[in-house]
Amino acid sequence: MHDSSALYALLGGTFDPIHFGHLKPAEALARHVGLRKVTLMPNNVPPHRQQPEASVSQRLAMIRLAIAQRPLFDIDERELRRDAPSYTIDTLRALRAERGLRQPLAFIIGQDSLLTLPSWHGGYRLLDYCHLLVCQRPGYNQQMKTSEDRQWLQQHQVTDYAQLHQKPAGCIYIARTPLIDISATEIRQRRHRGESCDDLLPAQVAAFMDREGLYRDLHGA
């Protein structure tokens, strides 16, 4: 049973594979703003990216292994069950309908995503359904491109995270989470070159990738 008064946070991604760059900033964010649960939502057909290298079942297995000893996290598989491209706003609309109008909902994004948010499908309207919790990213400034975008950020940005718990949606909170410069692309490239990735992701995930032959050297080694 969900606590309808608690701030509920969602972290979407391809998770191809899941790594410490997903997990550690989310854990720091949870401690900082008082999240009891962070739900990982893997995408099925990301509209704006090339298809994942790992299959749906492999990505799901890696997430389960990564969070087995991390009770903060759980998984929502709804986007994986969709055949059509999954847009964030559709998912948030569905979640809002399920959770009711009063539960505080938050969507966790990186600073890079905040800067491109106006170009997302229904970008500005995400705040009708949720708060945005923004994790800092190495190498990104906080300046949005147009004056309209900067005004939108200024209008919704809060510095007191208590407001995230008090309102159901509509706030943007930029958190000083640890800057972890890890990307799934880097992990896949290291694997293709036959290099170790043990410092970038949980050991159980690395072992699974070895067993499944995932992201192996492109020349068949």
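Mentor: Bearing in mind that this is a predicted model, we can begin with the cysteines, for which the count of disulfides comes to zero, a disulfide being a pair of cysteine sulfur atoms within 2.5 Å. Cysteine 130 takes part in no disulfide, and the nearest cysteine sulfur to it, which belongs to cysteine 171, lies 10 Å away. With a relative accessibility of 0%, cysteine 130 counts as buried, because buried means under 20% relative accessible area. Cysteine 135 is likewise in no disulfide, its nearest cysteine sulfur being that of cysteine 130, at 14 Å. Cysteine 135 has a relative accessible area of 6% and is therefore buried.

Turning to the helices, H2, which covers residues 56-67, packs with H8, residues 203-212, at an angle of about 150°, and their axes are 8 Å apart. H2 is therefore roughly antiparallel to H8, since angles over 145 degrees count as roughly antiparallel. The crossing of these two helices, H2 and H8, is right-handed. On the H2 side, the contact is formed by Gln58, Ala61, Met62, Leu65 and Ala66, while H8 contributes Gln204, Val205, Phe208, Met209, Arg211 and Glu212.

Definitions and conventions:
Residues numbered from 1 in each chain as written. Predicted model: local features only at pLDDT ≥ 70, side-chain atom pairs only at ≥ 80, totals over all residues. Heavy atoms only, no water. Axes fitted to C-alpha atoms, helices over the stretch in contact; angles between N-to-C directions. Helix = DSSP H or I, 4+ residues; strand = E, 2+ residues; numbered from the N terminus. Parallel < 35°, antiparallel > 145°, perpendicular 65-115°, else oblique. Left-handed = near helix turned anticlockwise from the far one by under 90°. Contact = heavy atoms within 4.5 Å. Buried < 20%, exposed > 50% of the residue type's maximum accessible area, 1.4 Å probe, protein only.
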